[in-house]
Amino acid sequence: MVGFIIRRSIAMLLTLVAVSIVAFAIIQLPPGDYLTSYIAALSSTGDQVDPRVIENLRVQYGLGEPFYVQYWKWVTGILQGNFGHSFEWKRPVSELIWGRLGNSIMLEGLAVMVMWLIALPIGIYAAVRKYSLGDYLATVLGFIGLAVPNFFFALIVMYLAFVWFGETIGGLYSPEFETARWSLPRVWDFLSNAWIPVLVLATAGTAELIRILRANLLDELKKPYVTTARAKGLTEFRTIMKYPVRLALNPLISTIGWLLPALVSGSVIVSVVMNLPTAGPMLLRSLTTQDMYLAGAIILLLSVLTVVGTLISDILLAWMDPRIRYGSK
Amino acid sequence: MRDTLIHQRPWLGLAGAALAALLAAAPALAQQQAPMLEDMVESGELPPLEERLPENPLVVEADSIGTYGGTWRMGMNGGGDNGLIVKTVAYEGLVRFDPEWQSVVPNLAESWEANADATEYTFKLRDGVKWSDGTPFTTEDIAFAVEMYQDPDYAASSWIDNKNNPVILEVVDDLTFKFKFDTPNGMLMDELASVNGIHITSLQKAYCSQFHPTYNENAAAEAEAAGFSSWALYLQDRCAWGWETIRFANPDLPSIYGWVIDTPLTANAARVTWKRNPYYWKVDAEGNQLPYIDNLDMRVSQGVEELTLMALNGEIDFQERHIATNVNKPLFFDGQEAGGYHLGEVIPSASNTLVLQLNLNHDDPVKRELYQNKDFRVGISHAIDRQEIVDVVFTGQGEPFQVAPRPESPFYDEELAKQYTEFDPELAIEHLEAAGLTEMNGDGIRLMSNGEPAKITVDVISALRPEWIDMLEIMQLQLGAVGIDIELNNIDRTLFYEKRPGNEYDAQVWAGDGGLEVVQEPRYYFPANDESVWAYKWAQWFNGTRPEIAEEPADWAQEQMELYRQIRSSSDPEQRADLMKQILAITKEQFPVIGVSLMPNSYSIIRNDLKNAPESMFNAWLFPTPSPMNPVVWYFE
């Protein structure tokens with residue numbers, strides 16, 4: 001097991017190096033750089049920028065340097081904990097992103113928990129009581145959840161909350177708690193504001209999970225060992241929970257690693273619509289303004305989370321399912 | 001009488017100042033200030049009001065005398081929305097426009113004079129105006145701003161360092177200074193009264209000089225200690241120019257605005273808040289210190305959906321920006337009673353919803369010749385069914401219109417605005433054939449002189465105005481019917497601008513700026529600046545920013561440029577108006593760009609308990625509404 005983890009970790013590091021190069025290259029792919037998008041923004045207000053000023057800025061920002069020089073500076077900086085400067089905000093990137101990433105992880109972590117809490121019982125029920133009224137209901141709701149885009153669902157919820165309750169939903173905190181330190185009232189305020197975005201973020205994933213779990217479980221339930229277990233006189237609950245469900249969970253565990261990036265990228269529009277201070281809108285904005293160190297840092301950190309998530313799911317799988325062998329020998 | 005964008009007489013300013021002085025003198029007995037400031041004076045935190053106000057405070061007239069207090073709530077779209085701040089708080093230059101956008105009136109300067117050939121302007125500052133930290137605002141600060149803007153290491157550019165005609169400053173005494181120019185600059189007062197005027201009053205020497213090595217030998221070391229790679233970057237962070245976003249992230253930067261930063265605009269701010277400036281230098285007609293409203297609260301929203309709901313819910317007190325879309329108008333109209341607000345009228349400065357700019361300087365000689373052929377452009381214009389576009393895209397708001405001064409403008413010329421706007425496919429075909437497009441290919445597309453089909457690729461940024469795509473798709477069908485193939489090229493803003501110097505486009509689309517600010521923004525009337533995309537190379541010949549791609553313009557354009565040079569050097573407003581009319585006459589004759597429809601009026605959300613707020617106003621960037629409508633005298637009842 002230890003050797004397995006070490007091997008995985010080395011592979012993980014190599015993946016991260018590759019990801020950082022690709023991420024940095026992709027950010028630089030669009031034509032122009034931060035300054036061209038800056039000029040574009042100024043020009044549209046009728047401002048004429050003197051080319052000399054831009055040349056000066058280009059030198060000050062080190063934008064004229066070749067790709068590998070910029071990359072090397074960036075990477076060596078990161079190893080010392082310096083993610084570079086955001087051009088737009090003139091601040092160290094590390095000062096800007098942690099709060100946002102924290103919000104993202106908190107919200108999306110809650111969304112994952114809600115997803116599992118809702119999806120597991122419903123999925124199991126739908127498989128065990130196949131073609132019952134409950135199964136049909138779960139299927140219909142599941143397909144609706146899959147089909148409705150999250151941001152659209154968010155808009156509907158916001159509109160209904162306004163029309164029915166006269167409430168404006170938006171943000172994660174009430175005004176008085178926006179800049180406050182963490183305290184019990186602030187946690188309560190967060191939860192009372194966050195449950196709606198969490199539900200919205202969880203819908204599509206919940207629907208998907210229900211479908212996967214139901215399909216997996218249906219495969220397992222037909223297998224002879226289930227019949228054997230029943231014949232041996234195990235209670236129905238124990239029969240289902242102890243073996244088939246455990247097996248049906250395998251594909252779910254192996255995708256834990258993808259959950260975070262999928263949620264982050266899937267939540268960009270929801271965050272914009274509901275004005276959530278998560279990493280998504282910041283990533284979107286930094287990409288459109290070509291604020292490359294900021295965008296690069298967010299992409300890199302998301303990749304780290306993905307890779308770590310994959311490692312965790314590998315370990316969990318190996319632990320859950322004794323049939324899985326370490327290595328490929 | 002809106003003739004004015006051009007003709008402010010220097011003595012008008014003097015007269016205005018004299019009037020203001022009279023008004024200020026009369027009611028000086030009963031000067032009052034906000035209760036919160038009174039408490040601070042009593043506790044000794046602040047000097048008394050008389051010491052904080054200038055000798056001759058600016059008197060702002062309003063419909064009614066207000067009461068102190070309250071918070072004005074509004075919303076920003078995304079973190080980079082410095083525009084809202086500029087248009088709400090930061091419009092405090094030497095002079096300003098009056099609320100009707102008719103003349104230039106005193107602001108920080110109480111009077112000014114210009115010499116006859118517009119090469120020398122003398123300004124007199126209001127005596128005793130103080131920065132928000134209580135130190136006097138003097139000519140030293142003006143001199144420092146000029147020095148910074150002209151310093152190549154301070155990355156900002158404006159009229160101060162315009163390389164064709166830079167400002168030469170002469171300081172006479174603490175309150176008097178002169179701007180001198182090598183070449184006549186007849187439009188300086190319009191520039192100073194516009195949003196561009198705030199550059200010169202935006203930097204306090206005492207605070208900002210500490211970041212510059214000329215004034216502080218340790219500047220470089222301090223910048224490094226603060227985590228910046230050079231002193232220039234640190235200076236730009238602490239003392240950003242005029243309306244740069246990052247300027248509002250530094251609460252320590254002294255200002256002369258009515259409100260000062262309380263919660264700064266940072267990347268993670270959920271809202272930006274402002275509190276009253278105790279040293280603000282304007283009073284109402286009874287001598288009470290302004291502003292009336294205590295605080296500003298700008299919600300930072302990632303998108304407009306939340307702002308729209310907030311406005312409907314009565315959580316926004318006054319706003320036009322972002323939320324006043326055409327689509328939402330019925331929604332806001334129906335919600336007036338429930339939300340406790342009403343809608344005000346907002347007249348845009350843009351003349352046209354869409355300007356089709358064919359590239360008259362195209363590198364391909366065949367296309368260049370075709371696009372320069374007036375018959376071709378007239379043919380396209382007649383082929384567009386503008387009423388259909390107005391009905392479908394703008395629910396009937398607006399009317400067929402060319403790119404021309406708006407009906408509200410003194411330069412309005414019905415013929416210029418309406419020529420070639422009638423929908424007449426047969427006439428269109430006649431003109432296209434006159435332009436040499438007589439042959440057609442199998443798909444019904446006309447062939448150019450080299451045998452290639454007449455296909456125009458139109459660059460458009462749908463992210464900026466989603467309705468452009470809807471309009472162009474209708475135009476695509478209409479032009480297809482007369483044998484012109486339109487291809488939509490929906491691109492990002494950066495690429496849109498990148499393509500210009502390389503001359504890599506057939507046509508680009510933008511809105512019709514310059515419908516009211518005709519003289520200041522003549523980009524569509526002749527090749528005037530970088531935004532004259534229809535003749536980018538000619539414009540470079542005129543303004544000299546990129547001499548390497550400049551090209552000698554056609555004779556008619558050169559004639560217009562000569563006329564515009566005369567406008568710049570004239571100090572006589574009537575003469576300037578007359579010259580501009582001559583330019584527009586050539587525009588009418590040449591018909592360089594094609595317009596679609598008159599930009600319909602927009603609307604503002606006004607809470608019913610907000611008083612003195614304008615029921616009707618112009619909206620422009622140069623005239624940064626609502627600031628010229630004096631928000632400092634608005635109050636809550």
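I began with a working rule: two strands pair if DSSP finds at least two bridges between them. I also noted that this is a predicted model.

Entry one, a sheet in chain B. I found four strands forming an open sheet in the order β13-β20-β14-β22 (chain B), with mixed pairing. I marked β13 (318-319) and β22 (616-619) of chain B as the edges: each has a single partner strand, so one side of each lacks a neighbour in the sheet. I then checked β13(B) against β20 (residues 602-607) of chain B and found them antiparallel, over two bridges. Here B:Gln319 sits opposite B:Ile605 of β20(B).

Entry two, the parallel strands. I looked up β16 (residues 455-460) of chain B, which runs parallel to β17 (residues 485-490) of chain B and is joined to that strand by six bridges. B:Asp459 has B:Asn489 in β17(B) as its bridge partner. I followed the chain from β16(B) to β17(B) by way of helix α18 (residues 467-480) of chain B, and this β-α-β crossover is right-handed. β16(B) also pairs in the parallel sense with β18 (residues 507-510) of chain B, over two bridges. There I noted B:Ala507 in β18(B) as the bridge partner of B:Val458.

I have 42 residues of chain B in contact with 44 residues of chain A. On the chain B side, α9 (231-238), α10 (304-312) and α19 (493-502) each supply at least two residues. I sorted that side into 14 nonpolar, 15 polar and 13 charged residues.

Conventions:
Residues numbered from 1 in each chain as written. Chains lettered and ligands numbered in written order. Predicted model: local features only at pLDDT ≥ 70, side-chain atom pairs only at ≥ 80, totals over all residues. Contact = placed C-beta atoms within 7 Å. Nonpolar A, V, L, I, M, F, W, Y, C, P; charged D, E, K, R; others polar. Right-handed = clockwise from strand over helix to strand, strands pointing away.
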